[in-house]
Every structure is written in structure tokens, then in C-alpha cells.
Amino acid sequence: MKSERVQRIILRFASLKLNTPYEPYNYEFDLASLAEHRRISGNKFLDELDCYEERISKELRVRMNEWKEIIVLLNAIMSWQKNWFPAITVTCVTSLYLYMWLVNCSILNMIWTAGLCVALLDCIVCGPFQRILPPSSWDKDKERTFTEISEWVADCWVTTKLYVGRFFNLRQTHTKLFHSVLSVSFFSLLYIGTTFNNLFISYITIMGILLFPGFKTKSEYIEDSLQRYAHQMLSGDDDEASS
């Protein structure tokens, strides 16, 4: 009797969490069926999540159809498909921030200037660029790359949305934890912003974000190069010591 009472308490608590109606006299509805219900609900949620990601990916491919050549080219530069592509990223970002430092423009002026540049670039890409570009330049490899980029962006968007929603749900479930994390995060950002130069911090952040895909793609090559360089340095030191 005691074990059945404990089981009924567990079933009642689990039914509240799973929104499952609790039947006090139906002992066939045991813990195994609850686990099965949880597994089915989880699979259904994952299927809905996959459908949502696929729908976002298709919308991205439709909306960014005019930009697909530019997106594939930027992906090649950011993934370091050629050894000199990182120099393009470093040169462009450094030149932009050097110009901002020399002009010493305000944040609002930088936002307006960036918006104007994006609008002009969109006008050029959607207009003259599409007429100049030959249709034969787009092949199956570029189409596959464009699809992979769209799926990756959709996956990042859905994952970020889930984590942000889960974090803000802490406001109702764990109020103290929510406000503590929020306060510490904003205080840390405020301390960093008042201690270091904001332009330099943004330069390092943007540079790291743009170079990260290349580091991730070429991590094995970079590691082998560093090991080879370290081996050459150590062997050179040993030769000097022996001589």
C-alpha cells in the first residue's frame, strides 16, 4: 500500500508537468507509460522544430535570391578557401575602423552611414549586378553551398530563439536567478565599456567573429603549421647548443 501511495504521488506530479489527466484508480497508467508519453512528446517537438527550420531556410533562400552570388563569395572568404583570403578580411575591417577613428564620427552617424551603404549596395546588387552576371556562373556547387548557408542561418536563428525564450522564462520560474544573471551581465558590460576604448573593443569583436569560421575550417592546418614551426625552432636551438 505504501509503494502504491508513493507511485500515485509521483504520477500526480508527473501528470501536472506533462499536462496529462491523472486517473487515480487506473494503475495501468504507470511510470513506463509516462516515459513513453514523454518520448513521444519530445519526438513531436523535434519534428515541429525541424519543419520550422526548414520553412525559415526556404524563406531565406527566396528573400536572398538576388544576393546568392555575394553570399557564396563571402562564405568563401570567411572560410579561407584560399590562403590569402584572411588578408582581405583583416584589411577591410582595419581600413573601416581606421577611417572611423580618423573621422571621429558619432554612433548615430555611423548607423546612418551604414544604412545608406547597405541601401545603395542592395540597389546595385538587385539591379545592374543581376543584368551583368551571366546565368552560366551559377552551378550546382554554389547552389549546394547557398542551401547549406541558409540551413545554418535558420538553425542558428531557431537555437538562439529557443535559448532566449528559455532564459526569459526564468523571470516567472526563478525570478532571483533571472535578475541576478541580468544584473551581473549588464554590470560587466558597463565595466568593460567604461574601462576600455569602445571602438577598439568593437574592432576586436568584429574581427574575431569574421575570422572564427576560417579558424574553425582550417584548425587542423593551423595546428600542423604551429607544430612544424615549433619543431623547427626547437631543432634550431638544439643545433646551436650542440655547436
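Let's start with the largest pocket: 26 residues line it, and Leu 74, Asn 75, Met 78, Ile 149 and Trp 152 lie nearest its centre. A pocket here is an open set of points on a 1 Å grid over the protein atoms alone, where a 1.4 Å probe fits, with protein on both sides within 12 Å along at least five of seven lines; lining residues have an atom within 4 Å of a point. Keep in mind that this is a predicted model, where local features need pLDDT of at least 70 and side-chain atom pairs count only at pLDDT 80 or more, while totals for chains, interfaces and linings use all residues. Residues are numbered from 1 along each chain as its sequence is written, and side-chain values use heavy atoms, with hydrogens and water left out.

By type, the lining splits into 18 nonpolar, 6 polar and 2 charged residues; Ala, Val, Leu, Ile, Met, Phe, Trp, Tyr, Cys and Pro count as nonpolar, Asp, Glu, Lys and Arg as charged, and the others, Gly among them, as polar.

Now for the second largest pocket. Its lining has 15 nonpolar residues, 2 polar and no charged ones. Here α5 (107-126) joins α3 and α4 in supplying at least two residues each, and the largest share, 7 residues, is from α5.

Back to α3 and α7, which also pack against each other. Their axes (lines fitted to C-alpha atoms over the stretch in contact) are 10 Å apart, at an angle of about 80°. That angle falls between 65 and 115 degrees, so the two helices count as roughly perpendicular. Where do they touch? Lys 68, Glu 69, Ile 71, Val 72 and Asn 75 in α3 meet Lys 142, Thr 145, Phe 146 and Ile 149 in α7, contact being heavy atoms within 4.5 Å. The residues of this contact divide into 4 nonpolar, 2 polar and 3 charged.

One more residue of α3 is worth a look: Ile 70. Leaving aside residues up to four places away in sequence, Ile 70 touches Val 125 and Phe 129. Val 125 is 55 residues from Ile 70 in sequence, yet their C-alpha atoms are 8.6 Å apart in space.

Terms used:
Helix = DSSP H or I, 4+ residues; strand = E, 2+ residues; numbered from the N terminus. Axes fitted to C-alpha atoms, helices over the stretch in contact; angles between N-to-C directions. Parallel < 35°, antiparallel > 145°, perpendicular 65-115°, else oblique.
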